[in-house]
Each structure stands twice: as C-alpha cells, then as structure tokens.
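This briefing concerns a predicted model.

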Amino acid sequence: MTLLFGLFGLFALAAAACGDDSSPTATSSNSNGGEITVLAAASLTDAFRELGVAFQTANPATKVTFSFGASSTLVTQINQGAPADVFASADLANMDKLTGAGGAGAAGTPIAFATNKLQIIVGKGNPRGMAGPADLAKPGVVYVTAAPAVPIGKYAQQVLDKAKVVVTPKSLEADVRAVVNKVTLGEADAGIVYATDVKAAGDKAAGVTIPDDVNVLATYPIAVIKATKNAPAANAFIAYVTSAPGQAILATFGFAKP
Amino acid sequence: MLVLAVVAIVFFALPFAGLLWRAPWRDAWSIVRSSDVRDALRLSIVCSLWSTGLSVLFGVPLACLLARVHFFGRAAVRALCTLSMVLPPVVGGVALFFALGRRGLVGQWLDRWFDIRLPFTMAGVVIAQTFVAMPFLVITVESALRQLDPRFEDAARTLGASRWYTFRRVTLPAIRPALIAGAVLAWARALGEFGATITFAGNFPRTTQTLPLVTYLKLESNPPEAIITSLAMMAVSFLVLVALRERWLGGITASASA
C-alpha cells in the first residue's frame, strides 16, 4: 500500500515538473512566430509533405508540422480545441463544420485550392478484371470504403448511387489511406478512392477509370483556423498552396485546379 | 500522502464526471435502442465472451506449462505470450494481418485450402480480442499456480488420484479466485479492444463494428451518441468489477493475507 502511495507521489512530482518546463518553451515559440500546424485530409499526405518542404525552403524561418487524417476526424479535433493553424479538407461539408455553428471558426473565407476525381483502386495487375463501378457488385468481390462522415465514404456512395450499383462494403475504414492499404495488402479487392491515391500507391495497385457521367469532383477547401496563434505564417502557407509553385507541386501528384 | 491519494481518485473520476456532465440524458434511451448502437452492443458482448472463453481454454494450459514445467527458453516463451499485452494494439492488428490475412503467412493457406478469410468477419474480431486479452488471464493464473503449495497436488497423486482428477479437484479449486479474476480482466480488455480490431477485422455494422468502434466513429458524426455509448461501456464494466469484487474476488485478498 505504501508503495502504491509512493508511486502516485512520483507521478504527481513528474507531472508538476513537466508543467514547469513547458511554459518557457511555449512563449519562445510564440515570440518569433516560426511554427504552424497544418491539419490536412489524408489524401493530401504526399502532396502536402512535398509542398511543406518547398514552403520551408522559401520561408526558412517558418517550421510547418503536418497531421493527416480523415477530414471528419481532423475537424472534430479542431472543434474540440486542438492547437492547429490551418485546416485543409477533402470536402466542403467538413469545412462547414469548422465555420458553422458550434465550430471553432475560420479566419476569413475558406479558399478552394484543388480538385480531385475518383477512381476504383484494385490490386496490382487488376486480378479480378474490373472494368467499372458495376463490377464492384460481382459476387465474391471484397469492396471496402470509408465511414459516411469521411469525405471519401460520402463521395464513393455518390458514385455508386449515380451508377445505380448496390454493393455492401465489407468494412468502413477510418480514412481513404486505410482503404488504399486494405487493397494494396490484398485484404480487399477494390475500393473507390481519389485518383491521386491510386497514383501515390504506385506499382502496388492499379486504377480503374470511373466514367465522367457517374464520377464526382471532390473540391478541397483550405482555411486559417480562427484560434491560430500565428496568423501571418498560416496565411503565408495558404498563399503558397494557391501560388503557381504550390499548384505545380499539387499537379505533379495529380490534383487539378479548382 | 492522503492528499496524493485523493488527487489520484479525482484523476480517475474526472473523465467520467465529464462524460456524465455532457451526456444527453433526454435522448439516452432512444440512442441505446437505436439499431447501430444495439447491434454494436450485442456484437461486443458476444465477441468478448467468445474471446474470454478461448482465453480460458488455451490460457489455463499455457499458464500451467509456464508455472510448472521447466524447459529451455521458458522466459522467452513467457515474454512472447504476454507481448501483446504491452504492445500497442494497432501493432498487434498489423501483425495479425501479416499472419492471418488473405495474403498472410498462414492466412493465404486458410484462404486457398479451406476458403476461410478472417479479416472483416466476426471470427476476426474474436481473434483480435483474444490476442490482446489472453495474456491477462495467463499471468494471473500463472502467478496463482506459483504460489500454490505443490504438496497438495503431490498428496493427491500419492493417494492415487489421476493427473486430471488432481487438476480438477485440487488445483482448480485452489486457483479459482485467480482464474475468475484473470477471466474478468481478459473479458474487460476484450470488451474495450479497439486498435487490433479496427486494423485486423475492419469496421462494419453487425459483423465487426464493436462498441468501441461505434463510439470512435460517432464522435465525428454524432458526439451525443458517442457519449452515450461510452457511458454504456463504462456502466457495464463498472458493474461487473464491483459485483465480482464483492462476490468472488474476496477469496484472493483472503488467501493473500493468510
């Protein structure tokens, strides 16, 4: 019992020590305004990593930290008070959760900076010989998608609705990259993802084109979060994303201009 | 000392108070009765009981082996069999993928020869839960066996009892409190299992979407429902822990102090 008390005491001391340490660092990072945190949709992972490197080369004093995930997850985190400066969503609905009632709010109006089309992702060499959305309903095809709140989950359902295909997914994954992984690992046969994700998967997967009349154009908005402690750097990052060099980087990953 | 203990109690009580404070009590009943929450609850209970059963079936012999038989590499085997307890569950899920997935070390043969696929099935959930839960039973039962005076069993054997009879009538009653405690710990761990489940078994209502998964997803789409499902899990676990402590676990403290 004494040991137990002692342990709790140690924890309390450790916690107190950490609390004391953190305050000076927090003020020092604010003083020169050199750090921002960007929360971005999972489908932007590779493009934004490269964009971040280019941005930091152009602005050596600024340090950018990224966190990627489902736009729905990220906006929940922001609205719960996660310290972040910029939010890039894969759809307008999740951006609305930031700017709408009960949201953490944006500084200024969100700007659309990229668009993306959807494709069916299949295993390397398309072993099931898929040709279009209708083949997803073929017996024995393991189809996975994302939860309905996640942008890709909603877009994928829109494609299926337009194509009048009824298919029950085997799983509702957390974000688009989880869908890609299930296919590249061979656990699932197909999923509907962004064209940029198929491209990013390289030779581990193949893409099947979804005809334009049933395809969906995903629009990506970006905004500075109202609670930012570093508005100049956050605005500079968004300016870079929408600038010619920023758009050129996005284009190499397969994103189109809005 | 008392102050620190109270701090610890507050530390544990505060998160629950937060949940209770935010809970939408008026809608609580309709949320619990909503189909996806009810399905998840049923699935959680069924799967966690299955994995508890499997943990007892395989864990008790394993504990006997580790406690009673001296063999080369026993320490390494014990570490291996309890590794999943300290491993991040997501890592466990990924490891299960490469072992039992459709392209996994063993999984590819299950798929090819028996047409058995574990990911995206209830069996996959049970396996993921058993993988993380069984060590809790093993270490509890093993330590009880180590404390058990082997002379009782020796006496039974010299009086002509068979190995099985001795185990059933001497060993088992002696370790009963530990066995129940271990089973409860394993069950609670299985009930709360999230990481390995969503990684290995995926997430789909009625087949693999357990209560923790539905809670996590609802947090994005419908936070009030997430609070209610959290409270439901908390209530079930709390009641079971209290009931067991009173009715069965008393034996442990009694034998420990004797």
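Between them, chain B and chain A bury about 2,200 Å², and carbon and sulfur atoms account for 64% of that area. On the chain B side, the greatest losses of area to chain A fall on R102(B), F120(B) and E220(B), which together make up 33% of what that side buries. The contact draws 27 residues from chain A and 22 residues from chain B.

**Polar and charged contacts across the interface**

- One salt bridge is counted between chain B and chain A.
- R102(B) forms a salt bridge with D189(A), with 2.6 Å between the closest N and O atoms.
- Six residue pairs are in polar contact across the interface of chain B and chain A, both residues being at pLDDT 80 or more.

**Makeup of the chain B side**

- The elements of chain B that contribute two or more residues to the side touching chain A are α1 (2-22), α5 (89-100), α10 (195-201) and α11 (211-221).
- With five residues, α11(B) gives the most to this side.
- By class, the residues of this side comprise 14 nonpolar, five polar and three charged.

**Aromatic pairs**

- Over all chains, the structure holds 16 aromatic pairs.
- In one of them, F48(A) and F113(A) are tilted, at 5.8 Å centre to centre and 40° between the planes.
- This pair links distant parts of the chain, 65 residues apart: F48(A) belongs to helix α2 (residues 45-58) and F113(A) to strand β4 (residues 106-116), both of chain A.
- Both F48(A) and F113(A) are buried.
- Ring pairs join F48(A) and F113(A) into a cluster whose members also include F55(A), Y155(A) and F255(A).

Methods. Residues are numbered from 1 along each chain as its sequence is written. Chains are lettered from A and ligands numbered from 1 in the order in which they are written. This is a predicted model: local features need pLDDT of at least 70, side-chain atom pairs count only at pLDDT 80 or more; totals for chains, interfaces and linings use all residues. Side-chain values use heavy atoms; hydrogens and water are left out. Contact means heavy atoms within 4.5 Å. Buried area is the accessible area (1.4 Å probe) that two parts lose on being put together, summed over both. A salt bridge is a side-chain nitrogen of Lys or Arg within 4 Å of a carboxyl oxygen of Asp or Glu. A polar contact is a pair of N or O atoms within 3.5 Å; within protein, one must be able to donate a hydrogen and the other to accept it, and residues adjacent in sequence count only if both atoms are side-chain atoms. Helices (H or I, at least four residues) and strands (E, at least two) are DSSP runs, numbered from the N terminus. Ala, Val, Leu, Ile, Met, Phe, Trp, Tyr, Cys and Pro count as nonpolar, Asp, Glu, Lys and Arg as charged, and the others, Gly among them, as polar. Rings of Phe, Tyr and Trp (its six-membered ring) pair if their centres lie within 6.5 Å; planes under 30 degrees apart count as stacked, over 60 as edge-to-face and the rest as tilted. Buried means under 20% relative accessible area, exposed over 50%, partly exposed in between (1.4 Å probe, protein chains only).
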